[in-house]
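Reader: I am new to structures. Please show me how to read one, step by step.

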Amino acid sequence: MTRRVLMAQSVMILAACGVIVGAVAGETPAGRDARMAWWRDARFGMFVHWGLYSGLAGTWDGKPVATSGGMEWIQERVKADTDTYAKRAIPLFTPRPGFAREWARIAKDAGARYVVFTTKHHDGFALHDSAVSEYDAASVLHRDLVKEIVEALRAEGLRVGFYHSVIDWHHDQYEYGRSRQLPHPLKGQPYKNGTRDHQQYLAYLHQEVNELLSKYGPVDIMWWDYSAQDFQGQEAWRAFDLMQLTRSKQPGIIMNNRLFRTPEAGWKSMGTEGYAASLDPKYGDFITPEQHIPDTGMPGVDWETCMTLNTTWGYSEHDHAWKSDETLIRNLVDIASKGGNYLLNIGPKGDGSVPDESVRSMHAIGAWMTVNGEAIYGTRASLFSRLTWGRSTTKGRTVYLHVFDWPADSTLTVPGLMTRAKAARLLAGGVPLEATTTAAGLVLKLPARAPDPIASVITVELDGAPTVK
Ligand code: JFZ
């Protein structure tokens with residue numbers, strides 16, 4: 001009996017007794033590293049929140065629902081049932097030809113290596129052609145928007161990620177009464193037909209996921225959203241079955257941790273900062289801080305901070321709180337220096353067009369990445385706990401210094417770096433720099449002016465394995 005058969009049998013037995021359900025059966029740490037490698041090297045992805053809510057643009061009854069906060073939640077904010085919401089939103093959801101190609105170009109131009117987009121958000125509207133729902137793009141628009149988007153992303157060589165909400169404000173068997181913590185527009189209202197059978201909703205959820213993972217070729221990321229402490233995992237979503245279905249259809253796929261809301265799954269509380277720096281691979285491959293950058297790295301834990309360009313994920317015509325290029329680029333550097341990924345969001349309008357401010361911000365990041373990308377892609381976390389003048393990333397014996405505050409005296413000290421520098425230079429233009437190893441660390445002589453006011457990168461090739469005291 002060959003080793004392979006033995007392995008397969010032991011995996012079946014283990015799976016049967018539910019030992020390794022969520023994780024990739026029989027996957028070794030090396031196997032996991034190989035599966036995660038492209039994602040860890042990518043460091044930067046683009047998030048896209050787009051759906052029926054995008055046409056409403058944060059407006060209801062002609063009035064702004066709010067000027068800040070997630071307008072993809074507008075149905076819940078105005079407590080509208082799904083029929084009322086759909087009647088208002090569908091006429092304003094009019095994807096223009098080629099919208100997806102524009103998204104792909106923006107992502108590519110920004111230096112993003114992957115794109116995660118909403119195949120279904122909490123409102124329950126499916127952007128793909130679903131055989132189990134009339135609340136989908138095929139029935140409403142006679143288009144398969146997931147197909148259009150996936151093809152556009154692949155054409156630009158971008159990896160593909162599916163955001164998929166397990167929360168559903170449309171399906172009439174979704175038992176919203178079973179969670180105090182999860183949102184629903186009909187919260188507190190009795191079920192219209194008296195009872196609901198959540199298992200029927202779960203069958204529908206698993207079928208739609210099966211369609212998404214069977215009809216559109218290779219899918220690189222599954223970005224589930226989201227669970228509460230009082231309603232999560234196998235009880236709420238048959239989560240382990242969903243992960244097994246997903247891994248059986250897409251063996252190389254990478255999944256986040258939002259089918260669960262327990263400490264071992266990387267959560268310590270509700271709220272966007274409720275994440276914990278630990279993750280058992282049984283519950284997912286990476287943790288997901290939201291709108292927040294951890295103070296320190298989380299050695300041994302894969303993590304990805306998702307963030308908006310203003311304060312909303314879905315498009316709002318009332319939200320102008322756009323982050324500056326400095327904030328966005330320094331966030332990317334800060335996150336990479338702590339060993340994490342940055343998933344930066346755009347919220348296209350009802351016709352799929354992208355707000356000018358978002359295009360401009362993504363382009364500015366792209367301009368910086370064109371010059372400095374090697375100090376981000378394929379790097380690992382900083383060797384230094386704290387640097388007063390900026391951040392650092394590492395790639396083997398090369399240390400990248402990202403200088404935010406250029407020293408007035410043109411002298412930069414890398415505290416505690418004891419390894420001699422074989423060569424040091426400005427990444428932009430390659431100007432060599434004088435480097436001296438002292439008791440305080442490595443001291444670099446810099447030109448008077450910073451090459452980049454936001455973050456100037458210095459490359460230091462060390463003459464041996466990095467030693468930091
Ligand atoms: C969720 C979504 O609700 C939101 O619309 C967006 O898609 C974002 C990326 O993810 O946001 C959350 C998730 C969890 C909490 C709040 C907002 N929480 O735990 O309170």
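Author: Start with one residue. D241 is partly exposed, with a relative accessible area of 30%. Buried means under 20%, exposed over 50%, and partly exposed in between (1.4 Å probe, protein chains only). This is a predicted model, where local features need pLDDT of at least 70, side-chain atom pairs count only at pLDDT 80 or more, and totals for chains, interfaces and linings use all residues. Residues are numbered from 1 along each chain as its sequence is written, and side-chain values use heavy atoms, leaving out hydrogens and water.

Reader: Which residue does D241 meet in a salt bridge?

Author: The general idea first. Side chains of opposite charge can pair when their charged atoms come close. A salt bridge needs a side-chain nitrogen of Lys or Arg within 4 Å of a carboxyl oxygen of Asp or Glu. Here D241 pairs with R238, at 3.5 Å from N to O. R238 is also partly exposed, at 25% relative accessible area.

Reader: How many salt bridges does the structure hold?

Author: The count is 27. Among them is R391 with D334, at 2.9 Å from N to O. Another joins R35 to E27, at 2.6 Å from N to O.

Reader: Is R35 buried or exposed?

Author: R35 is buried, because its relative accessible area is 9%.

Reader: Now the ligand. Which residues come nearest to the ligand?

Author: A residue is near if one of its heavy atoms lies within 4 Å. The ligand has 16 residues around it, and H49, E72, W73, H122 and D225 come nearest.

Reader: Which polar side-chain atom lies 2.9 Å from a ligand oxygen?

Author: Look for N or O pairs within 3.5 Å, called polar contacts. The 2.9 Å case belongs to D225. For E72, a side-chain N or O atom is 2.6 Å from an oxygen of the ligand. For Y163, a polar side-chain atom lies 3.4 Å from a ligand oxygen.

Reader: How much of the ligand does the protein bury?

Author: Alone, the ligand exposes 450 Å², and the protein buries 90% of that. Such areas come from the Shrake-Rupley method with a 1.4 Å probe.

Notes. A polar contact is a pair of N or O atoms within 3.5 Å; within protein, one must be able to donate a hydrogen and the other to accept it, and residues adjacent in sequence count only if both atoms are side-chain atoms.
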